Amino acid sequence: MAKLYFKYGAMGSSKSAQALITKFNYEERDMTVWLIKPATDTRDGQDIIRSRIGLSAKAEAITPDEDIIEAWHRAGKHDVIIADESQFFTPAQIDGLRTLVDEEDIPVLCFGLRTDFQTHFFPGSRRLMELADSIAEIKTICACGSKATVNARIDANGRIITAGEQVLLGGNDSYIAMCHRCWARKIRAQQAGGTEEVSS
């Protein structure tokens with residue numbers, strides 16, 4: 001029986017690499033993969049998924065107003081769906097992926113962030129946490145050596161940003177994965193007028 005999977009991790013935890021490796025594993029067994037990503041993610045081009053270790057593949061970009069079930073039928077039936085940056089899908093699109101699992105008996109593997117730079121759920125991630133059959137964390141570490149759980153947004157001077165729009169596309173220049181203790185400590189130091197910068 002097919003399942004809906006949510007594999008989440010902080011920035012830099014190799015989510016995209018694992019999505020692309022999973023795609024390769026299915027294709028090596030002569031199975032077809034519908035590789036998708038939200039059109040919101042344009043960092044590497046609207047229809048490209050690229051990992052920090054250099055893996056890349058062409059994907060179908062899904063716009064926020066697109067019905068994911070209709071897009072699936074247009075794309076032609078595949079053996080599996082792999083979705084990267086799943087936090088940017090709308091809750092309705094996550095519902096659509098759940099429907100495809102249930103009605104088409106097709107496995108759907110979603111990779112993405114769980115929370116934003118303020119430690120709040122992205123709407124797509126929240127829906128995945130509510131609906132997924134299997135939820136697994138892809139771990140990475142903070143500079144202190146502890147498990148990183150926070151996607152800290154930083155400015156050009158390495159200071160942590162605590163306000164702003166939920167979505168700001170960026171890589172190592174804009175975000176760093178941190179444990180909650182270090183994140184909270186550095187924010188307190190900034191608020192107290194300290195000059196402590198984020199180490200990367």
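Visitor: Where is the place of Ser14?

Guide: Ser14 sits in the loop between E1 and helix H1 (15-28). Helices (H or I, at least four residues) and strands (E, at least two) are DSSP runs, numbered from the N terminus. This is a predicted model, where local features need pLDDT of at least 70 and side-chain atom pairs count only at pLDDT 80 or more, while totals for chains, interfaces and linings use all residues. Residues are numbered from 1 along each chain as its sequence is written, and side-chain values use heavy atoms, with hydrogens and water left out.

Visitor: Is Ser14 buried, partly exposed or exposed?

Guide: Buried means under 20% relative accessible area, exposed over 50%, and partly exposed in between (1.4 Å probe, protein chains only). Ser14 has a relative accessible area of 33%, so Ser14 is partly exposed. Its phi is near 75 degrees, a positive value in a residue other than glycine.

Visitor: What is the phi of Thr119?

Guide: Thr119 has a positive phi of about 65 degrees, although Thr119 is not a glycine. Thr119 lies in the loop between E7 and H4, and counts as partly exposed because its relative accessibility is 32%.

Visitor: How many residues does the largest nonpolar core have?

Guide: A nonpolar core is a set of buried Ala, Val, Leu, Ile, Met, Phe, Trp, Tyr and Cys residues joined through side-chain atoms within 4.5 Å. The largest one here has 23 residues, and those with the most contacts inside it are Leu4, Trp34, Ile36, Ile81, Leu97 and Cys110. Among the elements that give two or more residues to this core are strand E1 (4-8), strand E2 (33-38), helix H3 (91-104) and strand E7 (108-112). H3 gives the most, with four residues. Apart from this core lies another, of 14 residues, including Cys142, Ile154, Ile160 and Cys182.

Visitor: Which residues does Ile82 touch?

Guide: Contact means heavy atoms within 4.5 Å. Not counting residues up to four places away in sequence, Ile82 touches Ala19, Thr22, Lys23, Tyr26, Val33, Trp34, Leu35, Ile36, Leu109 and Phe111. Ile82 lies in strand E6 and counts as buried because its relative accessibility is 0%.

Visitor: Where is Ser86 found?

Guide: Look in the loop between E6 and H3. Ser86 has a relative accessible area of 0%, so Ser86 is buried. Leaving out residues up to four places away in sequence, Ser86 touches Ile94, Cys110, Phe111, Gly112, Gly124 and Leu128.

Visitor: Why does Ile53 count as exposed?

Guide: Ile53 counts as exposed because its relative accessibility is 65%. You will find Ile53 in the loop between strand E3 (48-50) and strand E4 (56-58).

Visitor: Which residues are buried in H5?

Guide: An α-helix has 3.6 residues a turn, so residues three or four places apart point the same way. In H5, the buried residues are Cys182, Trp183, Ala184, Lys186, Ile187, Ala189 and Gln190. They pack against strand E9 (150-154), strand E10 (160-161) and strand E11 (175-178).

Visitor: How many residues does helix H5 have?

Guide: The expected span of a helix is 1.5 Å times one less than its number of residues. Helix H5 (residues 180-191) has twelve residues and reaches 16 Å from its first C-alpha to its last, close to the 16 Å expected at 1.5 Å a residue. Just after H5, Gly193 takes a positive phi of about 90 degrees.
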